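Please look over the sequence and model shown here before reading the notes on their parts.

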Amino acid sequence: MTFQEELQQGIPSTLPEMPAYDTTINHAPKRKDILTPDEKRLALRNALRYFPKHLHAQLAPEFAEEMRKYGRIYMYRYRPTYPMYARPIDEYPHRCIQAAAIMMMIQNNLDPRVAQHPHELITYGGNGAVFQNWVQYRLVMRYLSEMTDEQTLVMYSGHPLGLFPSHKNAPRVVVTNGMVIPNYSKPDDWERDNALGVSQYGQMTAGSYMYIGPQGIVHGTTITVLNAARKIRGERKDERGERIPLFVTAGLGGMSGAQPKAGNIAGVVSVTAEINPKAAQKRFEQGWVDELHENLDELIPAIKEAVTEKKVVSMAYVGNVVDLWERLADKDIHVDLGSDQTSLHNPWAGGYYPVGYSFEESQRMMAEEPERFKEAVQASLRRQVAAINRLADRGMYFFDYGNAFLLEASRAGADLTPTNLPQQGKASFRYPSYVQDIMGPLFFDYGFGPFRWVCSSGDPRDLETSDRLAAEVLEEMLKTAPDDIHGQLADNLHWIKEAGKNNLVVGSQARILYADAEGRTKIALAFNEAIRRGEISKPIVLGRDHHDVSGTDSPFRETSNIYDGSQFCADMAVQNVIGDSFRGATWVSIHNGGGVGWGEVINGGFGMVIDGSEACDHRIRQMLFWDVNNGIARRSWARNSGSMDAIRREMERTPELKVTMPNLVDDAIINSAF
Ligand SMILES: NC(=O)c1ccc[n+]([C@@H]2O[C@H](COP(=O)([O-])OP(=O)(O)OC[C@H]3O[C@@H](n4cnc5c(N)ncnc54)[C@H](O)[C@@H]3O)[C@@H](O)[C@H]2O)c1
């Protein structure tokens, strides 16, 4: 059977051969055994509803065994044996080009070079699922291969509810992931719902088919580390002159693996701890980290030497980050910048490994002794914070990296009491989040966010052309850019000019470029024009990470620099996805849970296929404008000064835009009223 026929077939009518369990690739840890015996029967009944009756007797024990062994029913037998990767768009059987583009994006998210646990359909972050099982994947590919541009595919947490009649300007796919009644949104509710096969954790770009491999995060991490280093250099110039900053952090996984590369680009010495030797080795082989060290006794002198000799280098410590922090504190090493990118959005199921236990012992404990594991994680977090506090007392600037580190550590009882009074209305942890100090005021408040695109031809020459066009747009904008966004535009221009040379493509021919509303729109229009002229050979898929200006309400991350008390509201993210859906998105998605954990965030995204048509020019203008300015208007209403300036400028450019502006009141008047 050809690849095309296999896609069109959906669920095969006869049982496929069981593919071998591949031990050479990274597999998801065994999930918590949370279901009661009755619930296990329900989970099995749920799984079997995808199959005709005559297969039930054979599949039931097989699926029950998967549940027992892995904690989930992945339906491994149905994992396709053809290679999984983003093919050029014409290779997908389709009746509508938009659907073909979505198939390409889905296969990219499951490509073993791209995905973290490809056989469990997890793209990144430990639990960021594209689908819950392989049968959902097969059904979706079939629906997409047969859908017309007058139908919409409805996705409930990985499950395709079906194709419904719609119209040409409607999204082709509407995705919801992990949407639950708010009172049922605790981590164990996810474990239960996911084990029952009724919900999934879509992370951000995993369940929304918009992951583009590690480069997606390199750009964001680079501008964060770059600006953190600038902050330190600026504040401490007199004290330490041209001293090269030392940056210590943890995690060499899916996204955290970008830290050492970003450290090198930002010109610092970086040390990243990683407990999983396979993950550390992978990053080393890819050239994302320069050195691997397994022994703290030889690592500490190597750090001292690099700092003294001002050598920009990235080192990995293959071990537990708590051991690293404690040793740095004991040895009185001066650390300038500190952070952490372990997967603490998922603390009890493999996101964080407690100190004092081997990697394997932790994996066993989390499945077999979850309560003991939880205590070990919490004790480890308390020790980690204690060591960080000692270094911070000596001048280290520590920031939370959007992984719920401060949140989970505070829940574990770590000492995170602010050392000075927090600003009114600010989250009152001892350390800021990277959004409070860096990403929020410099980027999100002005509309800069992780815009991205994928060339559906799969041809690197198209990507090269798109890089050039994007650089030309930014160069033009820079000529007249206001002072407050000049620096950001210049950094982004530098990024896009260097992007091709940095060899960042893994999987599809994709590019990320932080851009604001004006930049995103102008770049997209330039692409559409180039497709029209034939300068770019095939359609382009536009999209973004959900880690953005408008798409995400996340009180300890994307919206942690909202100080009017509305950081726990999710109107912005919900409005965003609704607004995108009727302004021209090809697909939209809204998720519970993302980088910071189930129940902690609502985030949404979109994909838009542009094919050179005038209709696409219209969609670009309509949708990208809303997709960014929604968030700027909300941030402006929260009295964020950068956003107030940005939205005023937008109102001057766009007379139809009328945003409600806040009036600022003197503190003295407020204080005298009580
Ligand atoms: N701020 C941002 O822009 C941003 C971006 C990406 C990811 N995140 C968050 O960062 C976290 C990491 O994302 P990821 O995709 O890299 O996840 P991941 O699970 O692929 O990687 C985390 C890594 O941390 C390692 N680790 C866990 N505990 C450790 C310990 N005690 N010591 C040393 N290493 C340890 C794990 O082995 C793993 O490789 C997530 O919570 C994610 O949501 C934030």
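This is a predicted model: local features need pLDDT of at least 70, side-chain atom pairs count only at pLDDT 80 or more; totals for chains, interfaces and linings use all residues.

Residues are numbered from 1 along each chain as its sequence is written.

**Domains**

The chain is divided into domain 1 (3–196), domain 2 (215–440) and domain 3 (445–669); these bounds come from an automatic or database domain assignment. The centres of domain 2 and domain 3, taken over C-alpha atoms, are separated by 28 Å. Between them, 19 residues of domain 2 are in contact with 22 residues of domain 3, where contact means that the C-beta atoms of two residues, placed from the backbone, lie within 7 Å. On the side of domain 2 that touches domain 3, H7 and helix H15 (434–442) are the elements that give two or more residues. H7 gives the most to this side, with six residues. Helices (H or I, at least four residues) and strands (E, at least two) are DSSP runs, numbered from the N terminus. By class, this side of domain 2 has six nonpolar, 12 polar and one charged residues. Ala, Val, Leu, Ile, Met, Phe, Trp, Tyr, Cys and Pro count as nonpolar, Asp, Glu, Lys and Arg as charged, and the others, Gly among them, as polar.

**Ligand shell**

The shell around the ligand holds 34 residues, of which Gly253, Gly254, Ser256, Gly402 and Gly595 come nearest; a residue is near if its C-beta atom, placed from the backbone, lies within 6 Å of the molecule. Helix H7 (215–240) and strand E7 (269–274) are the elements that give two or more residues to this shell. Its residues divide into 14 nonpolar, 19 polar and one charged. Because domain 1 and domain 2 both give residues to the shell, the ligand lies between them.

**The parallel sheet**

Six strands form an open sheet in the order E8-E9-E7-E6-E10-E11, with parallel pairing. Strand E8 (291–293) and strand E11 (397–398) are the edge strands, each pairing on one side only. Two strands pair if DSSP finds at least two bridges between them.

| Strand pair | Sense | Bridges |
|---|---|---|
| E6 and E7 | parallel | five |
| E6 and E10 | parallel | two |
| E10 and E11 | parallel | two |

Within these pairs, Ala250 stands opposite Ala273 in E7, Phe247 has Leu337 in E10 as its bridge partner, and Gly338 has Phe398 in E11.

Strand E6 (residues 246–250) is largely enclosed by the rest of the structure, because five of its five residues are buried. A residue is buried if 20 or more other C-beta atoms lie within 10 Å of its own, exposed if 12 or fewer, and partly exposed in between, with C-beta atoms placed from the backbone. Leu246, Val248 and Ala250 are buried on one side of E6, and Phe247 and Thr249 on the other, which leaves both faces covered.

From E6 the chain crosses through helix H8 (residues 258–266) to E7 in a right-handed β-α-β crossover. Right-handed here means that, with the strands pointing away from the viewer, the path from the first strand over the helix to the second runs clockwise.

**Met651**

Met651 lies in helix H21 (residues 641–653). Met651 counts as partly exposed because it has 16 C-beta neighbours inside 10 Å. Leaving aside its neighbours within four places in sequence, Met651 is in contact with Leu657 and Val659.
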